[in-house]
Amino acid sequence: GVDAVYAPFASNVGTGKINPSKLADIIPQNNKYNQCIPQILSNNADEILAYSNAISQFGHKELNWNLGCPFTRIAHKKKGAGMLLYPDDLFSILDKVLPKIPVSLSIKTRLGMNRPDELQAMMERLNTYPISKLILHPRIGILKYEGFADIEAFSNIASISTLPMVYNGDITDLKSFHRFQSQLPGISEWMPGRGALINPFLPGAMLNGSYPPVTARNQILKNFQHDLLEGCYQTKGNKRSVLGSMKAIWGYMSGMFENQDDLILRMKRTPDLDEFIKLADEILQTPTNMDIESWFRNMGRHISY
Ligand SMILES: Cc1cc2nc3c(=O)[nH]c(=O)nc-3n(C[C@H](O)[C@H](O)[C@H](O)COP(=O)(O)O)c2cc1C
């Protein structure tokens, strides 16, 4: 149900031989179904080049540079959205990286770290670089996930950008997606984040125009849960970590199930994976709700990374 997925950022990959753990998410055998695009969090041109050389050996054609992560411990190190405060350094990295990089370079970013005009001030110069895509989440870093994605600010950047633009932010369901589409008629690429974690049917519905029939949804989700468990076992190995990962995933997915607070609380609290799986099986027999925008605005926005 997706054209492509972006891998969680790799960081501290170094400038020498890349540790295989930094490549685990993006090697082909771990990405059988989707095109997975590697992402790096870095403020070092040599590191970006070392990582891009490594990923190109696995057949990857694009590297995404994370200039959007808003968290203080990262931004303070002049990384992620923190890099937006240092345009000269940012451009100097592009000057060093782009002539040598063996793959295309896309960027994922925010409007700014502290102010909504930081990216805007860079656009004239950014336009001169062969950047393959600019994925923009129209919020500022210091606000993390507070408030709403600023569609007008996105539209302003899109109007001065000559780079292909991708919209990201607050796509929670088909209704909100269609609203954003009508507000941003020139945009043809869309990236859902938390909406897809809450409702795994969302990306497919954005592509096909509708969700699977109500009667099919629970079985598809059961199969999905089975695949998730298997994947977690393969990567984590022990029950305790599998439980931790499944709880993190269900912290989002539970948003699809209305009036199931009791079951959800028991899933959150149980220290036992088998009990957790039983509770998940139970919740997976209850009706799903795909129109989650108002729930998301009240509850879900507190879920963030
Ligand atoms: C659990 C979680 C992990 C994330 N990890 C990354 C990441 O590694 N790289 C990145 O660029 N964005 C990451 N994001 C941010 C999302 O890609 C997206 O920009 C943000 O959630 C806004 O979109 P949304 O409103 O559709 O969720 C993450 C978000 C969440 C909730």
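Two strands count as paired if DSSP finds at least two bridges between them. With that in hand, here are some close-up views of this predicted model.

**View 1. Strand β5 and its neighbours.** Strand β4 (residues 39–41) meets this cut-off, pairing with β5 in the parallel sense over 2 bridges. Ile-40 has Trp-65 of β5 as its bridge partner. Between β4 and β5 the chain passes through helix α1 (residues 45–57), and this β-α-β crossover is right-handed. β5 also pairs with strand β6 (residues 104–112), again in the parallel sense, over 6 bridges. Here Leu-67 stands opposite Thr-109 of β6.

**View 2. The two covered faces of β5.** Glu-62, Asn-64 and Asn-66 are buried on one side, and Leu-63, Trp-65 and Leu-67 are buried on the other. Because 6 of the 6 residues of β5 (residues 62–67) are buried, the strand is largely enclosed by the rest of the structure.

**View 3. The salt bridge of Glu-189 and Lys-133.** The closest N and O atoms of this pair are 3.1 Å apart. Glu-189 is partly exposed at 33% relative accessibility, while Lys-133 is buried at 17%.

**View 4. The salt bridge of Arg-179 and Glu-293.** These side chains meet at 2.6 Å, N to O. Arg-179 sits in helix α6 and Glu-293 in helix α13, 114 residues apart.

View 5. Asp-262 and Arg-266 form a salt bridge. The two are 4 residues apart in α11, so about one helical turn separates them.

Definitions and conventions. Residues numbered from 1 in each chain as written. Predicted model: local features only at pLDDT ≥ 70, side-chain atom pairs only at ≥ 80, totals over all residues. Heavy atoms only, no water. Buried < 20%, exposed > 50% of the residue type's maximum accessible area, 1.4 Å probe, protein only. Right-handed = clockwise from strand over helix to strand, strands pointing away. Salt bridge = Lys/Arg side-chain N within 4 Å of Asp/Glu carboxyl O.
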